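Let's take a walk through this model together.

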Amino acid sequence: MKEKRAAKTISLLLFCLLSLNPLRVHAQERFDPDIDAKIFKEATTNSQIMRTLHYLADVYGPRLTGSPNLKAADDWAIMEMKKWSLSNAHLEPWDFGHPGWINERAYGHIIAPVEDSLTFKVLAWTPSTNGVVTAQVYQMILPAKPTQEELGTYFDHIKDKIKGKIIFAGKPIVRPVNLTPPTTRFNDEELRPNFDPNAKPAPEASPVPTPTPKAGQLDARTANASIDKFLRDNDALVRVNDAGRPYGQIRAFDNETFDLAKAVPTIVLRNEDYGRISRLLADGLAVSLEIFIRNRVFPEGITAFNAIAEIPGTDKRDEVIILGAHMDSWHSATGATDNAIGCAMMMEALRILKAIGVHPRRTIRVALWSGEEEGLLGSQAYVKEHYGSFENPKPDYFKLDGYFNIDTGTGRARAMWVFGPPEAAIPLREAVGPFAYLGMAGANNFRGREPGSSDNTSFSQAGLPGIRLVQDPIDYGYTWHTNLDTYERVIEEDAKKSAIVIAATVYRLAMRDDSLPRFKREEMPPLPTPSP
Ligand SMILES: [Zn+2]
């Protein structure tokens with residue numbers, strides 16, 4: 001009894017001493033040999049992925065940058081991550097510079113020569129119709145790849161036909177039936193040689209050869225803006241673009257000026273409706289449509305946010321590993337595969353590590369970006385604010401150990417590309433080695449600093465170790481940016497497996513003595529020269 005009490009007193013004393021100096025305890029944190037079993041158990045018995053997806057997609061989607069939906073999704077994610085006891089959960093503002101915009105109502109019908117409903121989406125940052133508009137259709141047959149002069153001549157020719165009409169902007173796009181089914185899962189044998197220790201580094205991206213434009217040819221953006229101006233100046237009621245994709249897929253992006261005064265109400269009509277109406281017009285029939293659009297603008301959207309939370313590190317706490325995905329989406333559906341599921345997986349990976357009680361040596365942070373779809377704007381702002389660039393580094397530039405990005409839908413994570421020298425791929429390859437049974441093929445390095453596909457390129461552009469997760473494509477070609485991007489298209493098992501691999505990989509990285517190898521100063525690839 002006495003002995004027991006003494007032991008109790010000693011252990012209490014020890015506990016007090018240790019809790020007075022948590023850093024010292026944590027400094028002794030060693031790699032947990034049971035980590036993989038713990039991660040697997042937490043990921044499979046307490047998964048929050050589908051609940052997170054449900055909130056981000058069903059409750060708050062779509063999440064267009066600047067919209068109250070996105071802000072609500074961000075607020076919810078922060079609240080949730082606080083409930084999971086993650087630290088430092090907060091929103092970081094950045095200057096989007098445009099108001100928020102949402103479409104509240106939109107419907108349309110063909111009312112003559114037949115009656116039927118139409119399937120379309122509204123182009124973002126365009127104005128509402130003035131109530132329900134009913135009008136005849138006029139189809140512009142625009143000159144191909146015009147110069148300003150050719151476009152002007154065409155406009156002069158048709159300008160008295162525009163007022164009070166619904167305008168089809170161009171000929172219908174013909175999409176032949178595709179008889180080759182796209183790949184849904186990568187084949188192990190094909191994937192492995194690209195990511196195993198013998199893999200050659202990714203070839204440097206060479207600029208895609210574009211046909212030389214004819215003298216004075218307008219670029220697509222300028223030509224488009226000229227069409228918008230012409231339609232406004234001549235009192236068109238609605239502009240209709242062809243979605244140009246099969247099976248009713250619609251991708252509606254934005255009025256690139258973000259200025260509602262520079263466009264007429266604009267819809268993207270499914271290719272099948274656009275084609276049918278074009279054929280009726282070609283028969284010489286008069287076609288009338290009825291369209292109603294109500295959009296709303298939110299001035300406060302000028303400030304956007306990135307949502308951040310973390311598990312603080314111990315002896316290397318000022319070194320950081322970031323897991324990221326973008327919270328914003330396009331507005332044609334609920335942005336489930338692009339990229340609510342990516343946010344759900346990254347949040348889950350951090351939740352798992354917190355729940356199993358690890359104390360990583362480095363800080364592990366999650367960052368849910370905004371403005372990705374408008375040009376990686378949120379992650380660019382974050383990198384600029386916190387890290388600067390290789391050419392102009394801030395003090396923390398050397399403290400980022402790796403940025404992991406996931407942004408290609410629901411598919412299982414299969415491999416990793418890291419920006420850096422070949423040595424940078426080695427720790428990653430070792431980290432994912434135990435997960436061959438979940439389909440992980442390995443890791444490889446790449447050198448290009450072009451900004452592009454997703455937020456990892458905001459980091460690699462700055463010379464920082466941006467890491468892109470390669471995923472099985474599943475049906476991302478159908479859901480990506482389209483009206484089909486919904487909760488139903490997510491494969492729960494794939495998302496859970498990805499979260500397991502991500503949690504285990506970042507834990508391993510966070511526990512290493514050395515940080516991820518970077519390019520030596522003299523080896524850093526130059527920034528790409530901006531295209532004219
Ligand atoms: Zn995306």
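A word on ground rules comes first. Residue numbers start from 1 along each chain, following the sequence as written. You are looking at a predicted model, in which local features need pLDDT of at least 70, side-chain atom pairs count only at pLDDT 80 or more, and totals for chains, interfaces and linings use all residues.

How confident is the predictor? Its confidence in each residue is given as pLDDT, on a scale from 0 to 100. The chain has a mean pLDDT of 93, with 94% of its residues at 70 or more. Two stretches call for caution: residues 1–10 stay under 50 and have zero contacts beyond four places in sequence, while residues 12–25 also stay under 50 and have three such contacts. Contact here means that the C-beta atoms of two residues, placed from the backbone, lie within 7 Å.

Now for the overall layout. The chain is divided into domain 1, made of 31–99 and 301–523, and domain 2, made of 114–175 and 215–286; such bounds come from an automatic or database domain assignment. Taken over C-alpha atoms, the domain centres are 38 Å apart. Where the two meet, 10 residues of domain 1 contact eight residues of domain 2. On the domain 1 side, the touching residues are four nonpolar, six polar and no charged. In this count Ala, Val, Leu, Ile, Met, Phe, Trp, Tyr, Cys and Pro are nonpolar, Asp, Glu, Lys and Arg are charged, and the others, Gly among them, are polar.

Next, find helix 10 (residues 336–355). Helices are DSSP runs of H or I with at least four residues, strands are E runs of at least two, and both are numbered from the N terminus. The axes of helix 10 and helix 4 (residues 49–59) come within 9 Å and cross at roughly 140 degrees. That angle makes helix 4 oblique to helix 10, because angles under 35 degrees count as roughly parallel, over 145 as roughly antiparallel, 65 to 115 as roughly perpendicular and the rest as oblique. Axes are lines fitted to C-alpha atoms, for helices over the stretch in contact, with angles from 0 to 180 degrees between N-to-C directions.

Finally, some backbone details. Most residues other than glycine have a negative phi, and most peptide bonds are trans. The G61 to P62 bond is cis, with omega near -10 degrees, and P62 sits in the loop between helix 4 and helix 5 (68–83). The A112 to P113 bond is also cis, with omega near 5 degrees; P113 lies in the loop between strand 2 (100–112) and strand 3 (116–117). S85 has a positive phi, near 65 degrees, in the loop between helix 5 and strand 1 (87–95).

Notes
pLDDT = per-residue confidence, 0-100.
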